[in-house]
Amino acid sequence: MIINLIATGKNMSAWVNTGWQEYQKRLPAEYKLQLTEIAALKRSKSANLNQIKEKEGDALIAAMPKGSLVIALDEHGREWTTHELAQQLEKWRANWPQVSLLIGGPEGLSHNCLQQAQTTWSLSKLTLPHPLVRVVVAEQLYRAWSILAGHPYHRD
């Protein structure tokens with residue numbers, strides 16, 4: 001299974017890239033985690049933020065592989081425990097060759113992205129910076145895999 005993290009924003013800080021890459025490389029080949037970055041549009045005082053969010057959303061949708069399961073990361077989505085995420089990961093692997101996880105920009109995901117999604121996942125009720133979301137998602141996917149594999153990384 002290929003898990004595509006499709007995220008708004010490029011040129012992340014070194015700590016973001018290091019954290020992402022650490023968990024990406026830990027996952028086994030049958031859970032290939034790959035990142036597609038979409039350039040964030042320039043924001044100014046006079047910018048129409050709704051229009052920017054919609055344009056960034058169109059770029060996220062265009063980057064999704066055809067036929068993939070689409071999961072929007074959104075504060076209004078469903079929160080999963082780590083064990084529930086492991087169950088989701090197992091279902092994804094059994095039913096979908098590709099999964100696309102969408103991360104929006106500072107204003108979140110566009111209406112079109114949320115409409116395209118088969119499910120919406122919230123990492124927390126807290127507001128998290130978008131670069132940190134990449135690292136948290138990668139770590140949580142690795143943790144969920146470790147539960148499925150019986151690996152000692154996760155401890156209850």
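**Helices around a parallel sheet**

In this predicted model, helix H1, which covers residues 14–26, and helix H5, which covers residues 130–149, have axes that come within 9 Å and cross at roughly 15 degrees. Angles under 35 degrees count as roughly parallel, and H1 and H5 are therefore roughly parallel to each other. The crossing in which H1 passes H5 is left-handed. On the side of H1 the contact is made by Trp 15, Val 16, Gly 19, Trp 20, Tyr 23 and Arg 26, while H5 contributes Pro 131, Leu 132, Arg 134, Val 135, Ala 138, Glu 139 and Tyr 142. Sorted by class, the residues of this contact of H1 with H5 comprise nine nonpolar, one polar and three charged.

H5 also meets helix H3, which spans residues 82–95, and here the two axes come within 8 Å and cross at roughly 80 degrees. Since angles of 65 to 115 degrees count as roughly perpendicular, H3 and H5 are therefore described as roughly perpendicular to each other. From H3, the residues Thr 82, His 83, Leu 85, Ala 86, Leu 89, Glu 90 and Trp 92 take part, and they meet Gln 140, Leu 141, Arg 143, Ala 144, Trp 145, Ile 147 and Leu 148 in H5. The contact of H3 with H5 holds nine nonpolar residues, together with three polar and two charged ones.

The strands can be followed next. Five of them form an open sheet in the order E2-E1-E4-E3-E5, and the pairing is parallel. The edges of the sheet are taken by strand E2 (32–38) and strand E5 (119–121), each of which has a single partner strand, so that one side of each is left without a neighbour in the sheet. On average, and with direction ignored, neighbouring strands of this sheet are turned by 30 degrees against each other. Within the sheet, strand E1 (residues 2–8) pairs with strand E4 (residues 98–103) in the parallel sense over six bridges, and Asn 4 stands opposite Ser 100 in E4.

Taken as a whole, the protein chain has five helices and five strands, and from the N terminus on its elements run β-α-β-α-β-α-β-α-β-α. The radius of gyration of the protein chain is 15 Å, close to the 15 Å that the globule rule gives for 156 residues, so the chain is as compact as a globular protein of that length. Along its principal axes, the C-alpha trace of the protein chain spans about 50 × 30 × 25 Å.

Terms used: Residues are numbered from 1 along each chain as its sequence is written. This is a predicted model: local features need pLDDT of at least 70, side-chain atom pairs count only at pLDDT 80 or more; totals for chains, interfaces and linings use all residues. Side-chain values use heavy atoms; hydrogens and water are left out. Axes are lines fitted to C-alpha atoms, for helices over the stretch in contact, and angles run from 0 to 180 degrees between N-to-C directions. Helices (H or I, at least four residues) and strands (E, at least two) are DSSP runs, numbered from the N terminus. Angles under 35 degrees count as roughly parallel, over 145 as roughly antiparallel, 65 to 115 as roughly perpendicular and the rest as oblique. A crossing is left-handed if the near helix is turned anticlockwise from the far one by less than a right angle, and right-handed if clockwise. Contact means heavy atoms within 4.5 Å. Ala, Val, Leu, Ile, Met, Phe, Trp, Tyr, Cys and Pro count as nonpolar, Asp, Glu, Lys and Arg as charged, and the others, Gly among them, as polar. Two strands pair if DSSP finds at least two bridges between them. The radius of gyration is taken over C-alpha atoms; the globule rule is 2.2 Å times the number of residues to the power 0.38.
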